[in-house]
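Subject: Handing over the structure

Hello,

Here is the structure I promised to pass on to you. Please have a look at it first, and then read my notes below.

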Amino acid sequence: MSNCIFCKIIDGEIPAHKVYEDEKVLAFLDVNPSSKGHTLVIPKGHVENIYEASEMDYMWDALVEVSDAVKTAFDAEGLNISQNNGEVAGQEVFHLHFHITPRYTGDEIEVDYKREELEKGEEIASKIREVF
Ligand code: AMP
Ligand code: ZN
């Protein structure tokens, strides 16, 4: 995709701090990190989001390997892995990417999804099951 910033990083047109690369996957530092070591993992083939990622099993292996490296490098006490799909969900770059965000005691990162008690659980679950 000619207009995609992450494709440009893959093609070397714009710089990035790369941490891992293979034939199908690239991982590099987020330019606005939430914590030390905040890394993005992307497929080299351009897809916008998770709905287009059904043939990308290799992303899982890359996520596990890069998570392990990031955790080890900075002795992170935990990690959040997040991935946004669609503007309403906070997606800003429309090339599939996973955020690996190392967590440290006192880092003051807030992951704040408001929760409520589940209601009509079976109705909701069956609505999703019907789609398979
Ligand atoms: P999202 O909101 O999930 O789409 O996240 C996009 C992420 O890409 C943000 O965390 C940005 O800081 C990051 N980002 C945008 N441009 C670049 C870039 N050129 N190099 C590294 N990270 C970038
Ligand atoms: Zn792209």
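Two strands pair if DSSP finds at least two bridges between them. Helices (H or I, at least four residues) and strands (E, at least two) are themselves DSSP runs, numbered from the N terminus. Before the findings, two notes on where the values come from. This is a predicted model, in which local features need pLDDT of at least 70 and side-chain atom pairs count only at pLDDT 80 or more, while totals for chains, interfaces and linings use all residues. Residues are numbered from 1 along each chain as its sequence is written, chains are lettered from A and ligands numbered from 1 in the order in which they are written, and side-chain values use heavy atoms, with hydrogens and water left out.

**The chain**

The protein chain has three helices and five strands, and from the N terminus on they run α-β-β-β-α-β-β-α. Along the principal axes, its C-alpha atoms fill a box of roughly 50 × 40 × 25 Å. Of the 132 residues, 31% are buried (under 20% relative accessible area; exposed is over 50% and partly exposed lies in between, with a 1.4 Å probe and protein chains only).

**Strands**

Strand β1 (residues 18-21) pairs with β2 in the antiparallel sense over three bridges. The two form a hairpin with three residues between them, and E21 stands opposite L26 in β2. On to β3: five bridges join it to β2, and these two also run antiparallel. Here A27 has V41 in β3 as its bridge partner. Strand β2 (residues 25-29) is largely enclosed by the rest of the structure, because four of its five residues are buried.

**The zinc site**

Which residues hold the zinc ion (ligand 2) as donors? They are C4 (SG), C7 (SG), H46 (ND1) and H95 (ND1), lying 2.1 to 2.3 Å from the ion. Donors here are N, O and S atoms within 2.8 Å of the metal (3.2 Å for Na, K and Ca); water is not among the atoms, so sites may look incomplete. The four donor atoms subtend angles of 102 to 117°, so the arrangement is tetrahedral (four donors with all angles between 85 and 135 degrees). Along the chain, the donors follow the spacing C-x2-C-x38-H-x48-H. The two histidines link distant parts of the chain: H46 sits in the loop between β3 (39-43) and α2 (58-74), and H95 in the loop between β4 (78-82) and β5 (98-103), 49 residues apart. H46 is partly exposed, at 24% relative accessible area, whereas H95 is buried, at 0%.

Best wishes

Note on methods: Tetrahedral: all angles 85-135°; square planar, octahedral: opposite > 155°, others 65-115°.
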